[in-house]
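Have a look at the structure first, then read on.

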Amino acid sequence: MLTHQRETAIVERVQQAGSVTVEELSRLLEVSGTTIRRDLERLELAGSLRRVHGGATLAEAADDDLTDHDPDAAEKRVIAVATAGLIQDGDVVLLDIGHTTLAVARLLRDRPVTIVTNNLWILRVLGDDPACTLILLGGAVGSKPGTVSGPLTEQMLALIHADVAVISSGGVRPDGSVVTDLNQEAGIKHRMRRAADRSILVATSLKFPGEGAYRIASLDDFDTIVTTPGSGAATLEAAVRGGTTIVLAE
């Protein structure tokens, strides 16, 4: 049983029973308790459940990482699925910070790809994956939890040549400006996009217009935009005229 299949089975069991023990899951899935504890750690990080001593229970709103409490959580999930489908085995992939990029990382488990990231949460998700090569960018711990940024991060990015970069944002303005709310983030995202042969912007409908004062790029600087129905139609139409491919995930 592959990791993602095992994790699906764990979540279904928790939803059915309300709570489970590591011992019960170990017997049910025929894997070690150590493997189950690692699965539970990843699932808690993704907001699918809450770990307790000796097992797990249903997720609580306070543990919100990517849960249904998030108003666009369902959109982020379908965007992540569509984005993972655009990544080929063997690709070098730049993933920046954000819930959607974290969801993409989870879908890349058990695949022979190289992930380069400044997202410390992705380290927890993929750090023990034998199929994936994970490169963590150095730098100062960012103003957002679980991120690194700064001059050292930018210096490392200058050494990277990726096949594809997956970039999130705080918002997309009607004029096509892609923005974020922190200046350091804008610089890192900009450099990630330029370090890859292909760039993908992931943005839910709530990101149109979203928020943020610092410009990352324009929509037509991206090769592909993965979004959901209901996003700014006129803004996306202008990006298409500029040569960008739009993928509507449903």
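Does aspartate 110 count as buried, partly exposed or exposed? With a relative accessibility of 28%, aspartate 110 is partly exposed, because buried would need under 20% and exposed over 50%. Keep in mind that this is a predicted model.

Let's start with the open sheet of 7 strands, which pair in parallel in the order β6-β5-β4-β9-β12-β14-β15. On average, neighbouring strands are turned by 20 degrees against each other, direction ignored.

Strand β4 (residues 92-95) pairs in the parallel sense with β9 (residues 162-167) over 3 bridges, and leucine 94 has alanine 165 as its bridge partner in β9. Helix α8 packs on this sheet, touching β4, β9 and β12 (196-202), and its direction makes about 145 degrees with that of β9. On the β5 side, 4 bridges join β4 to β5 in parallel, with valine 92 standing opposite threonine 114.

In a regular strand the side chains alternate between the two faces of the sheet. Strand β5 (residues 114-117) is covered on both: Thr114 and Val116 are buried on one side, Ile115 and Thr117 on the other.

**Helices around it**

Helix α8 (residues 183-194) has 12 residues and reaches 17 Å from first C-alpha to last, close to the expected 16 Å. Helix α5 (residues 99-107) has Thr100, Thr101, Leu102, Ala103, Val104 and Ala105 buried, and what covers them includes α3 (33-45), α4 (73-84), β4, α6, β9 and β12.

Leucine 126 sits in helix α6 (residues 120-126). This leucine 126 is buried, with a relative accessible area of 1%. Leaving out residues up to four places away in sequence, leucine 126 touches Ala105, Arg109, Ile115, Cys132 and Leu134.

**The cores**

Which residues touch the most other members of the largest nonpolar core? They are Leu94, Met192, Leu201 and Leu219, in a core of 25 residues. Two or more residues each come from β9, α8, β12, β13 (214-218) and α9 (233-241). Apart from this core lies another, of 24 residues, including Leu108, Val113, Val164 and Val226.

Beyond residues up to four places away in sequence, leucine 94 has contacts that include Val116, Leu157, Ile160, Val164 and Met192.

Most residues other than glycine have a negative phi, and most peptide bonds are trans.

| Site | Backbone value |
|---|---|
| Glutamate 30 | phi about 60 degrees |
| Aspartate 110 | phi near 70 degrees |
| Phenylalanine 208 to proline 209 | cis, omega near 10 degrees |

Glutamate 30 lies in the loop between α2 (22-29) and α3, and at 72% relative accessibility glutamate 30 is exposed. Aspartate 110 is in the loop between α5 and β5. As for proline 209, its place is the loop between β12 and β13.

**The annotated stretch**

An unreviewed UniProt entry annotates residues 3-58 as "domain: HTH deoR-type". In the model, that stretch is 64% helix and 16% strand, with its end C-alpha atoms 20 Å apart.

Terms used:
Residues are numbered from 1 along each chain as its sequence is written. This is a predicted model: local features need pLDDT of at least 70, side-chain atom pairs count only at pLDDT 80 or more; totals for chains, interfaces and linings use all residues. Side-chain values use heavy atoms; hydrogens and water are left out. The expected span of a helix is 1.5 Å times one less than its number of residues. Buried means under 20% relative accessible area, exposed over 50%, partly exposed in between (1.4 Å probe, protein chains only). Contact means heavy atoms within 4.5 Å. UniProt positions are given in the numbering used here, feature names are shortened, and annotations may be inferred rather than shown by experiment. Two strands pair if DSSP finds at least two bridges between them. Axes are lines fitted to C-alpha atoms, for helices over the stretch in contact, and angles run from 0 to 180 degrees between N-to-C directions. A nonpolar core is a set of buried Ala, Val, Leu, Ile, Met, Phe, Trp, Tyr and Cys residues joined through side-chain atoms within 4.5 Å.
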